[in-house]
Amino acid sequence: MRTYLFGTGILTAITSGIALLRDIRDGQPFTWRTGLAWLSWAITLTLAIGAIVDVRRARRGSIVPADSPVSGRERKLAARFRR
């Protein structure tokens, strides 16, 4: 579990989310740039969670979608983490 929680994608999403929440708390007006920042944060968080799911599936030996960064390395990851 530690591997997933301390991944760089998740840490980045958490820190940027904290920064966005601080802006709201400080009373910054909601502009189109703020909306784009929230949208960007949501996309970043979704991609980080998707990467975690793909790596976990690959470690278990399952086939991952072809657009995943770990696609084609399922056997290698499964063998590496079975030790």
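Visitor: What percentage of the 83 residues in the protein chain do buried residues make up?

Guide: Happy to start there. This is a predicted model, and in it buried residues account for 18% of the 83 residues in the protein chain. The accessible surface of the chain comes to about 6,600 Å², and carbon and sulfur atoms hold 61% of that surface.

Visitor: Which elements make up the protein chain, and how many helices and strands are there?

Guide: The chain has four helices and zero strands. Read from the N terminus on, the elements run α-α-α-α.

Visitor: What share of the contacts with a separation of 6 or more comes from residues 24 or more positions apart?

Guide: In this chain, that share is 31%.

Visitor: Now for a pair of helices. How do the axes of α2 and α3 cross?

Guide: The general idea first: two packed helices are described by the angle between their axes and the distance between the axes. Here, helix α2 covers residues 8-25 and helix α3 covers residues 32-59. Their axes come within 9 Å and cross at roughly 155°. Angles over 145 degrees count as roughly antiparallel, so α2 is roughly antiparallel to α3. The crossing of the two is left-handed.

Visitor: Which residues in α2 meet which residues in α3?

Guide: From α2 come Gly9, Ile10, Ala13, Ser16, Gly17, Leu20, Leu21 and Ile24. They meet Ala37, Trp38, Trp41, Thr44, Leu45, Ala48, Ile49 and Ile52 in α3. By type, the residues of this contact divide into 12 nonpolar, four polar and no charged.

Visitor: Let me try a single residue. Is aspartate 54 buried or exposed?

Guide: The figure to read is the relative accessible area, and buried means under 20%. Aspartate 54 has a value of 13%, so this residue is buried. You will find aspartate 54 in helix α3.

Visitor: Which residues is aspartate 54 in contact with, leaving aside neighbours within four places in sequence?

Guide: Aspartate 54 is in contact with Val64, Pro65, Ser68 and Val70.

Note on methods: Residues numbered from 1 in each chain as written. Predicted model: local features only at pLDDT ≥ 70, side-chain atom pairs only at ≥ 80, totals over all residues. Heavy atoms only, no water. Axes fitted to C-alpha atoms, helices over the stretch in contact; angles between N-to-C directions. Parallel < 35°, antiparallel > 145°, perpendicular 65-115°, else oblique. Left-handed = near helix turned anticlockwise from the far one by under 90°. Contact = heavy atoms within 4.5 Å. Nonpolar A, V, L, I, M, F, W, Y, C, P; charged D, E, K, R; others polar. Buried < 20%, exposed > 50% of the residue type's maximum accessible area, 1.4 Å probe, protein only. Areas by Shrake-Rupley, 256 points an atom, 1.4 Å probe, with all protein chains shown as cover.
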